[in-house]
Amino acid sequence: MTATTPAPAATSGLKDRRLIAWLTGEALSQFGDQFFIVALAVSAVHSAGAVGAGLVLAVSALPKVCLLLFAGSLVDRLGPRRLMLGSDLARLAMMAFLALYATTATPSTWVLAAAACALGALDAVFEPAANTLPVHVVAEEDLVRLQGLRTALGRAATIAGGPVGGLAAGFAGVSFSFAVNAATFGISAAALWWLRAPNPPPNTEPPSPLWRETTAGLRYALTHPLVRSALVLIAALEFSLTGAVNVGVPLIAEQRHWGPFGVGLVNSAFGVGAILGPLSMVLFKDRVRRAGPLVLGAAALGTVCFGIIGTTSRLSVAAAVAAGLGLTIGFLAAIVIPLIQRASDPAYLGRVVSLLALALSGLTPLSMALTGIAVGYLGAPATMAICAALAGTASLAALTARVLRQATL
């Protein structure tokens with residue numbers, strides 16, 4: 001596959017109605033996903049108990065991890081909008097089936113596991129396509145603001161969707177939750193249909209096997225200095241922090257007698273920070289020129305915040321520092337993703353952002369599993385300290401990458 005130049009922007013900027021509709025539809029879809037996650041867990045517990053629920057939720061992540069790289073090749077071959085539409089419509093049909101099925105019987109473990117696997121595979125196609133599409137619909141100077149807005153809306157939708165989805169499953173039943181998720185996929189598909197986005201230019205070369213295109217994408221990402229450095233930094237930070245935040249913080253809260261309220265307060269503070277971080281780039285992007293120092297500074301600050309959470313015994317301090325940690329993580333996402341989008345050759349962009357998706361979410365199961373094991377042997381505070389040290393090492397290692405230090409927006 002040969003290199004191509006990006007097509008002209010298909011919208012007139014962030015105020016374009018079609019773009020706003022797409023962002024709204026995407027956020028609603030993420031909001032609806034939380035209804036599905038809660039309903040899936042509730043159904044699995046009723047069908048197979050706590051162990052069965054854990055297995056069903058675990059298998060949902062496997063297809064996504066296994067297929068992400070190949071999905072990036074499909075994005076480069078077919079274009080992002082077409083794959084996103086297909087994924088949304090397929091997920092709509094599956095959610096509608098589950099909603100109807102749940103009205104007549106309690107979904108069996110096998111049905112739930114199959115649905116979770118299928119949705120994981122469709123998510124693997126959708127995610128790199130969604131992070132490729134912005135390059136085709138806005139001008140380069142609007143990428144940072146667009147990504148900041150997308151990140152903030154996605155965080156808000158996820159945070160709000162969890163508790164609302166839990167209330168919906170408890171009061172209206174899992175069938176209603178599945179139906180809500182189906183409706184949000186329909187809204188997302190309609191917004192995508194309305195959004196104008198160019199198709200990829202025709203490829204005059206003979207089509208290559210998908211595995212060969214995937215290998216070429218890996219080779220491109222590993223040999224591109226800026227892309228490689230940014231991906232390694234994000235992967236290291238996510239691996240260090242994800243398991244500790246999701247496993248370590250609740251255990252520390254239990255040991256320090258903060259109770260469920262304390263866990264909720266720390267998580268809420270983190271969520272608020274994760275929304276405000278990317279929004280800051282929407283508001284102040286014009287004042288930012290050099291991205292490298294900001295990325296490295298935010299990574300270092302996030303590491304310090306995380307280390308404080310692991311050592312403080314005061315809930316108020318932990319909550320305030322968690323807000324700072326969320327702020328820096330959201331800020332990093334709003335800068336690093338556009339940095340990678342702009343640096344990548346458009347012909348390889350789908351494969352590059354599939355690696356980004358793998359760095360952001362593909363390591364989550366392993367991080368959480370290893371964190372749980374470490375907590376069992378070393379205790380929560382020591383595990384948190386080790387995770388903070390790993391994140392700090394990644395930040396220091398990134399300082400050696402000159403291309404990352406000198407990166408500009």
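Buried means under 20% relative accessible area, exposed means over 50%, and partly exposed lies in between (1.4 Å probe, protein chains only). This is a predicted model, where local features need pLDDT of at least 70 and side-chain atom pairs count only at pLDDT 80 or more, while totals for chains, interfaces and linings use all residues. Residues are numbered from 1 along each chain as its sequence is written, and side-chain values use heavy atoms, with hydrogens and water left out.

**View A. Glu140 and Arg342 meet in a salt bridge.** A salt bridge is a side-chain nitrogen of Lys or Arg within 4 Å of a carboxyl oxygen of Asp or Glu. Here the N to O distance is 3.2 Å. Glu140 lies in the loop between α4 and α5 (143–172), and Arg342 in helix α11 (residues 315–343), so the pair ties together parts that are 202 residues apart in sequence. Helices (H or I, at least four residues) are DSSP runs, numbered from the N terminus. Arg342 is partly exposed, with a relative accessible area of 28%. Glu140 is also partly exposed, at 46%.

**View B. Arg91 pairs with Asp123.** Their side chains form a salt bridge at 2.6 Å, N to O. Arg91 sits in helix α3 (residues 80–104) and Asp123 in helix α4 (residues 109–137), 32 residues apart. Arg91 counts as buried, at 2% relative accessibility. Asp123 counts as partly exposed, at 25%. A network of salt bridges links Asp88, Arg91 and Asp123.

**View C. Asp76 and Arg351 form a salt bridge.** The closest N and O atoms are 2.7 Å apart. Asp76 belongs to helix α2 (residues 62–78) and Arg351 to helix α12, and 275 residues separate them. Both Asp76 and Arg351 are buried. The whole structure holds seven salt bridges.

**View D. Helix α7 (residues 210–223) crosses helix α12 (residues 349–362).** The axes (lines fitted to C-alpha atoms over the stretch in contact, with angles from 0 to 180 degrees between N-to-C directions) come within 9 Å and cross at roughly 75°. The two helices are therefore roughly perpendicular, a label for angles of 65 to 115 degrees. Residues of α7, including Leu218 and Tyr220, meet Arg351, Val352 and Leu355 in α12.

**View E. Ser29 lies in helix α1 (residues 17–59).** Is Ser29 buried or exposed? Ser29 is buried, with a relative accessible area of 4%. Not counting residues up to four places away in sequence, Ser29 touches Asn181, Thr184, Phe185 and Ser188. Contact means heavy atoms within 4.5 Å.

Definitions and conventions:
Parallel < 35°, antiparallel > 145°, perpendicular 65-115°, else oblique.
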